[in-house]
Amino acid sequence: MRFIHTADWQLGMTRHFLNAGGADAQHRYSAARREAVAGLGALAAETGAEFVVVAGDVFEHNQLAPAEVSKSLEAMRAIGVPVYLLPGNHDPLDAGSVYTSELFLAERPDNVTVLDRDGVFEVRPGLEIVAAPWRSKAPTTDLAGAVLQSLPADGTLRVLVAHGGVDVLDPDPAKPSLIRLAALHDALDRGAVHYVALGDKHSRTRVGDTGRVWYSGSPEVTNYDDVEADPGHVLVVDLDGDEAGVQARRVGRWRFITLRHQVDDDRDIAGLDINLDQLPDKDRTVVRMVLTGSLTVTDKAKLDACLDRYARLFASLRLWERHTDIAVIPADGEFDDLSIGGFAAGAVQELMATARTDGADADDARSALALLLRLAGPGGQGSAA
């Protein structure tokens with residue numbers, strides 16, 4: 001028996017940095033998340049998968065715009081094979097659940113089933129899904145462990161679909177909702193379940209040493225690479241009794257990356273330019289920059305021009321301010337070629353003196369000097385003369 005394990009679609013997710021400058025990146029990112037869902041139909045056809053399980057957080061939250069709900073359901077319809085949705089911590093089965101809204105109920109495709117109760121859902125004779133849905137954002141018990149307690153080992157092939165952290169990966173005694181790996185292993189060992197499909201962790205992750213407990217990760221990236229090491233996959237699972245074969249298939253197309261670069265002179269800036277230029281798929285790549293170093297005002301202006309250019313090409317490019325540290329120090333003679341005199345020359349000298357100090361006034365002076373260089377243009381023959 002073969003099926004697809006996925007999770008954490010979080011349809012309707014927004015990222016504030018994708019809206020910078022009024023770009024359409026957020027719309028394209030949202031569309032890509034839905035396309036990853038609809039594309040599971042082709043993967044199911046290619047692999048012969050019988051069904052798809054979504055282990056929680058199908059939606060970003062319960063208060064979605066009607067258009068987002070309709071488009072998401074249409075993407076699920078395109079999958080074709082049965083799709084089983086587990087409510088998670090983002091979209092729990094609470095009083096305002098999207099799953100019980102009039103719109104969802106009216107437009108839910110026939111191939112979509114919500115795992116809306118604890119316990120067993122029959123896929124076909126001899127094959128069952130065991131569900132542990134979230135009913136609030138803060139469960140007070142191990143939901144997966146609770147549904148496993150009464151399961152018999154009667155030869156029925158079962159897939160547990162659950163959501164949340166596992167105690168061996170997140171050993172926090174203050175979280176009563178943590179899934180106990182020992183309970184999962186016990187159910188696997190006695191043959192009550194045969195595979196555990198988990199959601200909540202957005203990177204593909206094997207849990208324990210059985211090879212039958214996995215987080216699929218999110219099919220499209222949701223955070224930077226220092227947080228999500230291996231997103232963008234779904235898992236194709238072959239289940240034959242106690243044997244499970246798990247194959248990861250990459251379906252994600254976007255990347256959120258962090259680049260760190262030392263910039264101390266114009267050669268370093270040229271190197272940064274080359275690195276950014278060589279990154280592929282710029283319209284689907286989000287870049288967070290960590291820059292450190294010491295630059296003259298002239299070189300800082302070159303750096304700003306470089307970053308401004310690439311900010312127009314990438315889906316998003318921005319500085320990670322908390323970790324960026326660039327000292328701007330005016331160099332002697334740096335403004336001699338601007339061909340200015342009199343009062344203007346005196347003002348430049350005052351700005352340079354202030355820029356070599358510390359504090360907010362120094363930052364303002366450096367910004368003013370950088371603007372002066374940019375207005376002057378190449379060779380210092382611009383409007384500042």
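For my helix entries, an axis is a line fitted to C-alpha atoms, for helices over the stretch in contact, and an angle runs from 0 to 180 degrees between N-to-C directions. Helices (H or I, at least four residues) and strands (E, at least two) are DSSP runs, numbered from the N terminus.

**Ground rules.** I am working with a predicted model, where local features need pLDDT of at least 70, side-chain atom pairs count only at pLDDT 80 or more, and totals for chains, interfaces and linings use all residues. Residues are numbered from 1 along each chain as its sequence is written, and side-chain values use heavy atoms, with hydrogens and water left out.

**Entry 1: α1 and α3.** I looked up helix α1 (residues 25-38) and helix α3 (residues 66-79), which pack at an angle of about 25° with their axes 7 Å apart. That makes α1 roughly parallel to α3; the cut-off for this label is under 35 degrees. On the α1 side I found R34, V37 and A38 in the contact, and on the α3 side residues including K71, A75 and I79. Contact means heavy atoms within 4.5 Å. Sorted by class, this contact has six nonpolar, one polar and three charged residues. Here Ala, Val, Leu, Ile, Met, Phe, Trp, Tyr, Cys and Pro count as nonpolar, Asp, Glu, Lys and Arg as charged, and the others, Gly among them, as polar.

**Entry 2: α7 and α8.** Next came helix α7 (residues 266-278) and helix α8 (residues 297-311), with an angle of about 5° and axes 10 Å apart. These two are therefore roughly parallel as well. Among the residues that meet are I269, L272 and L276 in α7 and L303, C306 and L307 in α8. I noted seven nonpolar, no polar and six charged residues in the contact of α7 with α8.

**Entry 3: the sheet.** Which order do the six strands of the open sheet follow? I read β4-β3-β2-β1-β11-β12, with mixed pairing. The edges are β4 (112-114) and β12 (243-250), each pairing on one side only. Two strands pair if DSSP finds at least two bridges between them. Neighbouring strands are turned by 25° against each other on average, direction ignored. Strand β11 (residues 233-240) runs antiparallel to β12, and eight bridges join them. In that pair I spotted V234 opposite R249 of β12.

**Entry 4: a helix on the sheet.** Helix α2 (residues 40-47) lies across β1 (2-6), β2 (52-54), β11 and β12. I noted that α2 runs at about 150° to β1.

Definitions and conventions. Parallel < 35°, antiparallel > 145°, perpendicular 65-115°, else oblique.
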